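Visitor: Please put the model up, and then take some questions about its fold, its core and its charged pairs.

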Amino acid sequence: MTLISDQVSTLANIDVHRGYEPGLIGWVGGLNGSYYAEVWGSGAPFEIMISREFCDFVERYDPQKDLVLSAHIDGVLVGSISVLGCVPDQHGAQLRFFLVDPKYHGRGAGKVLLATALDWCRERGFRKAFLWTVDNLPQSRRLYEKTGFRITERCADDRYTVPRDNLKMELSLV
């Protein structure tokens, strides 16, 4: 596990760091909890689930196979994305824990994080990338579709305090 992040790039006044940095685990869990409580009424079970899954990911993080990126504007952590490089039976890289603080929406942090993560996947020879999102998040879906992701699966899920339709979206990287 990389304990201290390194700066990957500075684009459009957005600094992108790779690797774990102090406070990132709490930030990912907390922002997911507060954001999704507001947009679709999730509760503690969702925040606990995301926090637990992110903790598990960071605990077994291997910088040769996985990626953690965080975006900073004027020194403030505003977004993150992770790539699980070795996903059994999926033959691709899975994007996870992708979120930008709503106070910073529209400033390009999401685009920069997504592009940086996908470039990393291409450099490592992944043939596709995939992610799971929920229906009724139009900003996220628009970003994914503009990037070339397409819905390949839809399934109901009630783990998030309120029932949602999960969407699996895939992008060919070749």
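Guide: Questions and answers on the predicted model follow. This is a predicted model, in which local features need pLDDT of at least 70 and side-chain atom pairs count only at pLDDT 80 or more, while totals for chains, interfaces and linings use all residues. Residues are numbered from 1 along each chain as its sequence is written, and side-chain values use heavy atoms, with hydrogens and water left out.

Visitor: In what order do the elements of the chain run from the N terminus on?

Guide: Helices (H or I, at least four residues) and strands (E, at least two) are DSSP runs, numbered from the N terminus. The chain has four helices and eight strands. Their order is β-β-α-α-β-β-β-α-β-α-β-β.

Visitor: What percentage of the residues in the chain is buried?

Guide: Buried means under 20% relative accessible area, exposed over 50%, and partly exposed in between (1.4 Å probe, protein chains only). Of the 174 residues in the chain, the buried share is 48%.

Visitor: How far does helix α3 reach from its first C-alpha to its last?

Guide: Helix α3 covers residues 109-123, which makes 15 residues. The expected span of a helix is 1.5 Å times one less than its number of residues. For α3 that expectation is 21 Å, and the helix comes close to it, reaching 21 Å.

Visitor: Which residues does Leu 95 touch, not counting residues up to four places away in sequence?

Guide: Leu 95 is one of the core residues that touch the most other members. Contact means heavy atoms within 4.5 Å. By that cut-off, Leu 95 touches Ile 81, Ser 82, Val 83, Leu 114, Ala 117, Leu 118, Phe 130, Leu 131 and Phe 149, with residues up to four places away in sequence not counted.

Visitor: How many disulfides does a search of the whole structure find?

Guide: A disulfide is taken here as a pair of cysteine sulfur atoms within 2.5 Å. Cys 121 counts as buried because its relative accessibility is 0%, and Cys 155 counts as partly exposed because its value is 29%. Across the whole structure, the number of disulfides found is zero.

Visitor: Which residue in β8 is the bridge partner of Arg 150?

Guide: Two strands pair if DSSP finds at least two bridges between them. Strand β7 (residues 150-157) pairs with β8 in the antiparallel sense over seven bridges. β6 and β8 also run antiparallel, joined by seven bridges, with Lys 128 partnered by Ser 172. For Arg 150, the partner in β8 is Glu 170.

Visitor: How far apart in space are Val 78 and Lys 103, C-alpha to C-alpha?

Guide: Val 78 lies in strand β4 and counts as buried because its relative accessibility is 0%. Leaving aside neighbours within four places in sequence, its contacts include Trp 27, Leu 99, Asp 101 and Tyr 104. Val 78 and Lys 103 are 25 residues apart in sequence, and their C-alpha distance is 8.4 Å.

Visitor: Which residues do salt bridges that share partners join into one network?

Guide: The count of salt bridges comes to ten. In one of them, Asp 135 and Arg 141 meet at 3.2 Å, N to O. Asp 135 is buried, with a relative accessible area of 16%, whereas Arg 141 is partly exposed at 26%. Salt bridges with shared partners make one network of Asp 135, Arg 141, Glu 145 and Arg 154.

Note on methods
A nonpolar core is a set of buried Ala, Val, Leu, Ile, Met, Phe, Trp, Tyr and Cys residues joined through side-chain atoms within 4.5 Å. A salt bridge is a side-chain nitrogen of Lys or Arg within 4 Å of a carboxyl oxygen of Asp or Glu.
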